[in-house]
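Try each task on the displayed model before turning to the solution.

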Amino acid sequence: AGVIPVTNPTSTTIFKALLALKTRNAIVFSPHPKAKRCTATAARLVMEAAAKAGAPEGLIGCIEEPTVALSEHLMRHKDVDLILATGGPGMVKAAYASGKPAIGVGAGNTPALIDETADLEMAVSSILLSKTFDNGMICASEQSVVVTEAVYEKVKDEFVLRGARVLKAPERAKLAAFLVKDGKLNAAVVGQSAAAIARMAGFVVPDETKVLIAETERVAVDEPLAYEKLSPILALYKVKDFAAGLDKAEALVAFGGLGHTSVLYTAPGNEERIAAFGGRMKTGRILINTPSSQ
């Protein structure tokens with residue numbers, strides 16, 4: 001059984017299908033209701049290609065009109081031997097609670113730490129390249145940028161130069177109030193453009209704005225900007241030095257991204273810092289000088 005999220009409904013379908021075929025298994029997909037046609041189309045294309053290569057018909061199936069009840073029925077079905085679940089925490093927990101073996105991938109809360117030795121133009125360009133892809137919906141995309149104070153203002157200027165908007169205090173307050181509802185990310189922001197999100201939150205930015213950047217200090221349940229945002233929104237943290245940056249990045253991972261992704265921008269020769277970052281981040285992907293979505 002393959003549970004597919006709204007945030008990447010086609011690529012996840014394709015690679016789960018390949019995982020199944022390479023291990024000589026059939027697979028049935030349960031799409032997210034908001035992306036059911038994308039997932040069904042991707043599944044059909046892979047099935048058609050597999051059939052042309054000699055695979056049995058029906059090896060790849062998809063629930064065309066998904067519901068929570070159907071998804072749960074699929075996961076508990078007697079013929080399902082393994083569940084590949086990608087989605088929100090609720091869906092991943094449901095997979096683990098089904099009584100079947102399950103491999104689950106839940107939320108990410110990727111921090112990108114920029115230290116004072118990094119190539120700042122490359123770092124900012126890479127983060128924007130990653131964060132604007134698919135309007136920031138990819139769960140591997142950066143959610144927060146942590147910058148040492150020695151280069152903090154330069155990093156802010158570089159973001160603005162490249163088309164991001166660093167929000168003023170009233171705009172930041174409006175965005176924070178709109179971003180999280182009842183302790184959960186407001187689904188209305190997911191995958192929307194920066195300009196559209198600003199309008200929904202009650203302020204206006206130019207249509208060509210790439211990313212909304214909100215400065216903040218805390219990592220806490222009552223700080224909406226610390227959450228995974230799945231949209232072209234970045235939290236921006238200023239820290240005293242690299243050691244403090246490690247602390248902040250570690251806190252962000254623990255808050256909502258254990259096991260997922262973390263990124264460090266530093267001079268390539270800083271082997272001690274790279275090793276320290278790798279040792280502290282409890283993530284499956286530890287990236288150095290790399291856009292995390294790509």
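**Exercise 1. What volume does the largest pocket have, and which residues line it closest to its centre?**

Solution. The largest pocket has a volume of about 1400 Å³, where a pocket is defined on a 1 Å grid over the protein atoms alone as an open set of points at which a 1.4 Å probe fits, with protein on both sides within 12 Å along at least five of seven lines. The volume is the space filled by probe spheres set on the points, which are joined across faces, edges and corners. Of the 42 residues in its lining, G87, G88, P89, E228 and L230 are the closest to the centre, a lining residue being one with an atom within 4 Å of a point.

Before going further, note that this is a predicted model, in which local features need pLDDT of at least 70 and side-chain atom pairs count only at pLDDT 80 or more, while totals for chains, interfaces and linings use all residues. Residues are numbered from 1 along each chain as its sequence is written, and side-chain values use heavy atoms, with hydrogens and water left out.

Next, sort the lining by element: α3 (68-76), α4 (89-96), β10 (184-185) and α9 (242-256) each supply at least two residues, and α4 gives the most, with five. Helices (H or I, at least four residues) and strands (E, at least two) are DSSP runs, numbered from the N terminus. Sorted by class, the lining has 22 nonpolar, 16 polar and four charged residues; Ala, Val, Leu, Ile, Met, Phe, Trp, Tyr, Cys and Pro count as nonpolar, Asp, Glu, Lys and Arg as charged, and the others, Gly among them, as polar.

**Exercise 2. Trace the seven-stranded sheet through β7, and decide whether the faces of β7 are covered or open.**

Solution. The seven strands form an open sheet, again with parallel pairing, in the order β8-β11-β12-β7-β6-β13-β14. Here β8 (165-166) and β14 (285-288) hold the edge positions with a single partner strand each, so one side of each has no neighbour in the sheet.

Take the pairings around β7 in turn. Strand β6 (residues 111-114) pairs with β7 over four bridges in the parallel sense, with V147 as the bridge partner of I114, and three bridges join β6 to β13 (residues 261-265), where L113 stands opposite L264. Five bridges join β7 to β12, with S144 opposite A235, and β12 in turn pairs with β11 (residues 212-215) over four bridges.

In β12 (residues 233-239), six of the seven residues are buried.

**Exercise 3. Where is Q143 placed, and what does its side chain approach?**

Solution. Q143 sits in the loop between α5 (120-132) and β7 (144-148), and is buried, with a relative accessible area of 0%. A polar atom of its side chain lies 2.6 Å from the backbone nitrogen of K229. Setting aside neighbours within four places in sequence, Q143 is in contact with residues including E228, K229, L230 and I233. Of these, E228 and L230 are also among the lining residues closest to the centre of the largest pocket.

Terms used. Buried < 20%, exposed > 50% of the residue type's maximum accessible area, 1.4 Å probe, protein only. Polar contact = N/O pair within 3.5 Å; in protein donor to acceptor, adjacent residues only side chain to side chain. Contact = heavy atoms within 4.5 Å. Pairing = 2+ DSSP bridges.
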